[in-house]
Amino acid sequence: MAEVNMKKAKEVYAKLVAMLEKHGWSFDRHDDDLVISSGVKGDDLPIEFIVVVNAKQQVAEFLSRLPFEMPAEKRVEGAVAVCAANDGICDGSFDYNIRNGQITFRLTTSFCGGTVLGEELFEYMIFVASATVDKYNDKFYLLAQGGMSLSQFIEFADE
């Protein structure tokens with residue numbers, strides 16, 4: 001079964017690479033780990049991300065760690081803000097580590113069984129995930145720096 005999972009994972013990874021090359025994206029390949037690292041320029045903060053093809057769990061994961069951490073005195077506010085943001089997101093979610101204040105956006109899709117992942121799905125993952133990170137990253141940053149109150153963040157997330 002492990003060989004079947006790895007074979008399918010390598011096929012998924014090859015499709016991801018082909019899609020990125022077709023679009024002329026700049027990215028780094030980590031073929032042994034089935035990982036792509038890249039980034040896009042957001043409206044305000046840069047958006048760095050990786051796409052991991054996980055053979056064991058049979059999922060492709062888009063992960064984008066925000067380039068700052070919530071300071072210790074803002075960690076509870078950060079947790080509430082992540083909940084408020086996640087409530088309005090239709091695909092993907094922000095993960096929050098309250099111990100270190102790190103926020104990461106995650107969007108996953110499964111390729112178990114007979115599921116076939118195509119170019120359009122990878123485009124969707126990257127574009128939707130990047131747009132979601134771009135929408136919220138500067139607001140999380142403002143909250144972390146004291147430039148936005150928690151109530152203002154919640155109001156923004158409810159729009």
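Is Asp 87 buried or exposed? In this predicted model, Asp 87 comes out as exposed, its relative accessible area being 66%. The residue belongs to helix α2, which covers residues 75-87. Asp 87 also takes part in a negative surface patch, together with Glu 155, Asp 158 and Glu 159.

Turning to paired charges, the count of salt bridges comes to seven. One of them brings together the side chains of Arg 106 and Asp 95, with an N to O distance of 2.7 Å. This pair ties together distant parts of the chain, 11 residues apart: Arg 106 sits in strand β6 (residues 102-110) and Asp 95 in strand β5 (residues 93-97). Both ends get some cover, as Arg 106 is partly exposed at 31% relative accessibility, and Asp 95 is partly exposed at 24%.

There is also a network here: Glu 21, Arg 29 and Asp 31 are joined into one by salt bridges that share partners. Within it, the side chains of Arg 29 and Glu 21 meet at 3.7 Å, N to O. Arg 29 has a relative accessibility of 42% and so counts as partly exposed, and Glu 21, with a relative accessible area of 47%, is partly exposed too.

Then there is the bridge between Glu 77 and Lys 74, where the closest N and O atoms lie 3.6 Å apart. Glu 77, by contrast, is partly exposed, with a value of 27%.

Note on methods:
Residues numbered from 1 in each chain as written. Predicted model: local features only at pLDDT ≥ 70, side-chain atom pairs only at ≥ 80, totals over all residues. Heavy atoms only, no water. Patch = residues over 30% accessible without salt bridge, like charges linked within 9 Å, V, L, I, M, F, W, Y side chains within 5 Å. Areas by Shrake-Rupley, 256 points an atom, 1.4 Å probe, with all protein chains shown as cover. Salt bridge = Lys/Arg side-chain N within 4 Å of Asp/Glu carboxyl O. Lys, Arg positive; Asp, Glu negative; His and termini not counted. Charge placed at Lys NZ, Arg CZ, Asp CG, Glu CD. Helix = DSSP H or I, 4+ residues; strand = E, 2+ residues; numbered from the N terminus. Buried < 20%, exposed > 50% of the residue type's maximum accessible area, 1.4 Å probe, protein only.
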